[in-house]
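Here is a short report for a first look at this protein. Keep the structure in view as you read.

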Amino acid sequence: MDPLSGFLGSLLWWLFFLYILMWPQLQYRQLQIMRAKLLAKIAKKRNSTVITMIHRQESIGFFGIPVYKFISVEDSEEILRAIRAAPKDKPIDLIIHTPGGLVLAATQIARALKEHPAETRVIVPHYAMSGGTLIALAADRIIMDPNAVLGPVDPQLGQYPAPSIVKAVEQKGAEKVDDQTLILADVAKKAIKQVQDFVFYLLKDRYGEEKARQLAQTLTEGRWTHDYPITVDHAKEMGLHVETDVPEEVYALMELYKQPVRQRGTVEFMPYPVKQEGAK
């Protein structure tokens, strides 16, 4: 074989290999650019600082390995920096899509959002469960898609809901459980009170003390399972102030956070054909 031909063949093979390796990164970079442009458009239209916390799988590693995300300390650090950098006289729009995460991180974000001097708005296009709901409660306005949901904010200790631990000990009797379970129940009671007190702090200025305490108890007492979906109608029945005018640009933004494609998509969509005006 001609040495030059062999060299070119090897070079092409290595270029192809590098392309396969780098393709997920190139795709992700393109998505970042598109997201940045759309966020700038939303910020200009709404005259606000726009912050996002969107937790979905993303194929950003070698071979497109999906990464799963939840509210983390890193999230709180970044959002706190964004809130500090936001103009004090301009609104903040925080777009949330999350299954929840660390109570510590969610609490930090919620407190910083509440303390922002100008209006704050949390936008929920699909769901904001657990810690996401805690953050939403801190905002002056909660804007949800008509089919979006929030969730209870009862604290979880490991794999068990704190209210269920307390209830189990009460039903069985303290004298019939071991010391470890009693300690766990004590921690559970403290966790429930801490979250209730924080929810009350978030709501009291807008809802009044009596309503704020009622909402804080309802959302933390373990009335439902932790993944119970609180719909827009249910939230309104509870007395939460919820709006449904999600900007169209937010839906377009969510399209740029696609789940990783494996063999085929599980959902397909064909828009209804609309005739052009004057067409026959």
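## Overall make-up

The protein has 9 helices and 12 strands. The model is predicted. The protein has 280 residues, and 41% of them count as buried.

Contacts can also be sorted by separation along the chain. Among those with a separation of 6 or more, 70% join residues 24 or more positions apart. The accessible surface of the protein is about 17,200 Å². Carbon and sulfur atoms hold 57% of that surface.

## Helix α7

Helix α7 covers residues 209–220, 12 residues in total. From first C-alpha to last, α7 reaches 16 Å. That is close to the 16 Å expected at 1.5 Å a residue. Just after α7 comes Gly-222, with a positive phi of about 85°.

Which residues of α7 are buried? They are Ala-212, Leu-215, Ala-216, Thr-218, Leu-219 and Thr-220. Their cover includes three helices: α5 (162–172), α6 (179–207) and α8 (232–238). Strand β11 (230–231) is also part of that cover.

How do strands hold together in general? Strands of a sheet pair through backbone hydrogen bonds, either parallel or antiparallel. Here, β6 and β8 (residues 149–150) pair in the parallel sense, over 2 bridges. Ala-128 has Leu-150 of β8 as its bridge partner.

Technical notes:
Residues numbered from 1 in each chain as written. Predicted model: local features only at pLDDT ≥ 70, side-chain atom pairs only at ≥ 80, totals over all residues. Heavy atoms only, no water. Helix = DSSP H or I, 4+ residues; strand = E, 2+ residues; numbered from the N terminus. Expected span 1.5 Å × (residues − 1). Buried < 20%, exposed > 50% of the residue type's maximum accessible area, 1.4 Å probe, protein only. Contact = heavy atoms within 4.5 Å. Pairing = 2+ DSSP bridges. Areas by Shrake-Rupley, 256 points an atom, 1.4 Å probe, with all protein chains shown as cover.
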